[in-house]
Amino acid sequence: MEISETEQVSRAQSGDRNAFSELIRTHAQGVMNVVYRMCGDVHIAEDAAQETFIQAWMHLSSYRPHTSLRNWLYRIAVNAATDMLRKEKRILPNSMDDLQLMDGRPGPELVVSEKERIILVQKAVLLLPEASRAVLVLREYEGLSYLEISSTLDIPVGTVMSRLNYARKLLKDKLEQNSFLQAEVDYA
Amino acid sequence: MPNHVTEWLNAYLDGELQNGRLHMVKAHLVECKTCQAELRSLQDLSELLHKVPQPEFTSPERFATQVNLLLPQKPVATPSSSLFELGWWLIPIGLLAAWIFVSTAGIVSNLFSVANNFGLLDSTAAWLVSGSSDAANWTSTLGQFSLLEGNSLQWFKATESYSRNVIPQFVWQVSIAVLYLAWIAIWWARQTRHPRQQRGQPIEG
């Protein structure tokens, strides 16, 4: 018989480790994805994801059953990723200098390989301020609605909108500075 | 074209606009090439972001096993929050108990006063009557200096005796009521905070 998530949470709150393991299995992928998009390093992401679930286990009694467990975990995950990044500052690119293309001349030479493009976009995301990056990650990669992001990060919907606008504008500006997005658009 | 809708394009792209605002943005996009270009660049950006692949993570089963080994024996019952919750609900109970005590003490005190006035209490029980000491009465003092006489003196004595019982009771009960109302206000704020955030505000025109 399949047990509902609410029941699993209730059992986990009573100390049932198997029930909590089941919750981990359900949400591991989403949590790891969030922390990976926040910090851009697989190993640090897995450490942050572990920390997320340990913190969730330790504070499970404070979880309110009528709210979304996924969003509650995402909130812990964003905090865990932020803490991890503060400890491991070296993994983030320092500036847009790290994003410069090999050849800065205008023209077809600007079109870099697909792999390089992906690395550049990922680095540009990592250069965003943490608060804006968290909103962008939850929206773009986890597909959360503005309302869900608002609830997850405990910020008003208006702030979600402004942070998302800011993140996308900054990202666009940074990538356009490197003629990268333009190249993507031209060759699309 | 004036009045571009660039500030709403992100919400439009994410399907977060409703009603009037949605129609306004749609209508504007039909005619405005600047906003069309801006929307296209946002769409391109979104597509680009999704091209960043997700790496191979540890499988959820293995990850769950790894985490399970790191977990403390029992979930921490967060004693501080439990104690806080317990203390939180003890506040109104305590206030109610205090109110009952103050009211009962007032009634009992008044009963003893009445009994004392009728001479039903002997001298050993007179201490039970609050404000019964004549030496402490300011009306008696005024009477000694002949500032109050006859009926006026009696009336002031009765008033003073009454106020000595009633005013402290009144002050206590008002204090308890203020504390209780403050507790209700905080409780209401706590209750409404989260549901409001979950409902959020629809983005409408």
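Colleague: How many helices and strands does the secondary structure of chain B come to?

Modeller: In this predicted model, chain B has seven helices and zero strands, where helices (H or I, at least four residues) and strands (E, at least two) are DSSP runs numbered from the N terminus. Local features need pLDDT of at least 70, side-chain atom pairs count only at pLDDT 80 or more, and totals for chains, interfaces and linings use all residues. Residues are numbered from 1 along each chain as its sequence is written, while chains are lettered from A and ligands numbered from 1 in the order in which they are written.

Colleague: And how much of chain B counts as buried?

Modeller: Of its 205 residues, 12% are buried, meaning that 20 or more other C-beta atoms, placed from the backbone, lie within 10 Å of the residue's own, whereas exposed means 12 or fewer and partly exposed lies in between.

Colleague: Which residues of helix 4 of chain B are buried?

Modeller: Phe63(B), Ala64(B) and Val67(B) are the buried ones, and they lie on the same side of helix 4 of chain B because they cover an arc of only 100° around the axis, the arc being that of the directions from the helix axis to the C-beta atoms. On the other side of helix 4 of chain B, Glu61(B), Arg62(B) and Leu69(B) are exposed.

Colleague: What do those buried residues of helix 4 of chain B pack against?

Modeller: They pack against helix 2 (17-39) and helix 3 (42-58) of chain A.

Colleague: Switching topic, how many residues does the contact take from each chain?

Modeller: The contact takes 45 residues from chain A and 40 residues from chain B, and two residues are in contact if their C-beta atoms, placed from the backbone, lie within 7 Å.
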